[in-house]
Amino acid sequence: MLHPVASPSIEVLWAERPFVALLLRALHVPARDREDLLQTVLLGAWKAIRARRYRPDPRRHPRHALRAWLHGVVWRQVSHYRDKAHVRCEILCGAPLAPAGQAPLEIEGALLARAALREVAALPRGHREVLLAVAGRLSLVAWARKRRMNPNSAASRLRRARRALAEKLASSRLRFR
């Protein structure tokens with residue numbers, strides 16, 4: 001059975017500001033956000049009262065009933081507040097921010113790239129040199145000419161280096177699964 005609708009005045013609700021502020025402090029809402037949340041709670045409570053959703057137990061003292069109901073309103077508003085992204089403390093340290101006008105970098109891709117670079121660093125020096133050369137600005141032919149090497153020999157070195165890197169990456173994936 002539903003209790004009868006009660007309609008306390010805005011002044012009665014406003015008089016409970018210190019109680020709501022105390023609850024916000026007890027629920028560990030940062031001081032910088034307490035006033036905003038206090039206003040959100042009181043506004044939400046007032047809208048609920050105006051919508052006739054405040055139905056206190058008539059056997060209880062009116063102020064105790066209002067405070068118990070406000071406690072629930074505060075608790076729900078704080079839970080919504082904590083769910084907001086700007087409040088959660090999930091800041092990724094070391095995560096690069098994307099330059100203006102570019103898509104944001106994906107953390108998983110950055111982690112995979114770091115793991116691949118570690119595998120490249122573990123390769124023999126000759127393999128590292130040819131892999132890094134073709135990853136740079138020089139073409140394989142230009143890199144071979146700079147070293148006074150036949151371009152076909154450079155291509156053969158590149159194939160061996162790529163094969164060695166692929167084997168290292170495949171074995172590292174098996175280790176991490």
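Leucine 24 is in contact (heavy atoms within 4.5 Å) with Val29, Arg34, Leu37, Leu38, Val74 and Val78, its neighbours within four places in sequence being left aside. The model is predicted, so that local features need pLDDT of at least 70 and side-chain atom pairs count only at pLDDT 80 or more, whereas totals for chains, interfaces and linings use all residues. Residues are numbered from 1 along each chain as its sequence is written, and side-chain values use heavy atoms, with hydrogens and water left out.

Leu24 also belongs to the largest nonpolar core, which has 22 residues. A nonpolar core is a set of buried Ala, Val, Leu, Ile, Met, Phe, Trp, Tyr and Cys residues joined through side-chain atoms within 4.5 Å; buried denotes under 20% relative accessible area, exposed over 50%, and partly exposed the range in between (1.4 Å probe, protein chains only). Val20, Leu24, Trp69, Leu70 and Val74 touch the most other members. At least two residues of this core come from each of helix H2 (17-26), helix H3 (31-50) and helix H4 (62-83), and H4 provides the largest share, eight residues. Another core, of 14 residues, lies apart from this one and includes Leu140, Trp143, Leu158 and Ala164.

The protein as a whole contains eight helices and zero strands, these being DSSP runs numbered from the N terminus (helices: H or I, at least four residues; strands: E, at least two). Of its 177 residues, 25% count as buried. Among contacts with a separation of 6 or more, 64% join residues 24 or more positions apart. The accessible surface, from the Shrake-Rupley method with a 1.4 Å probe, comes to about 13,300 Å², of which 57% belongs to carbon and sulfur atoms.
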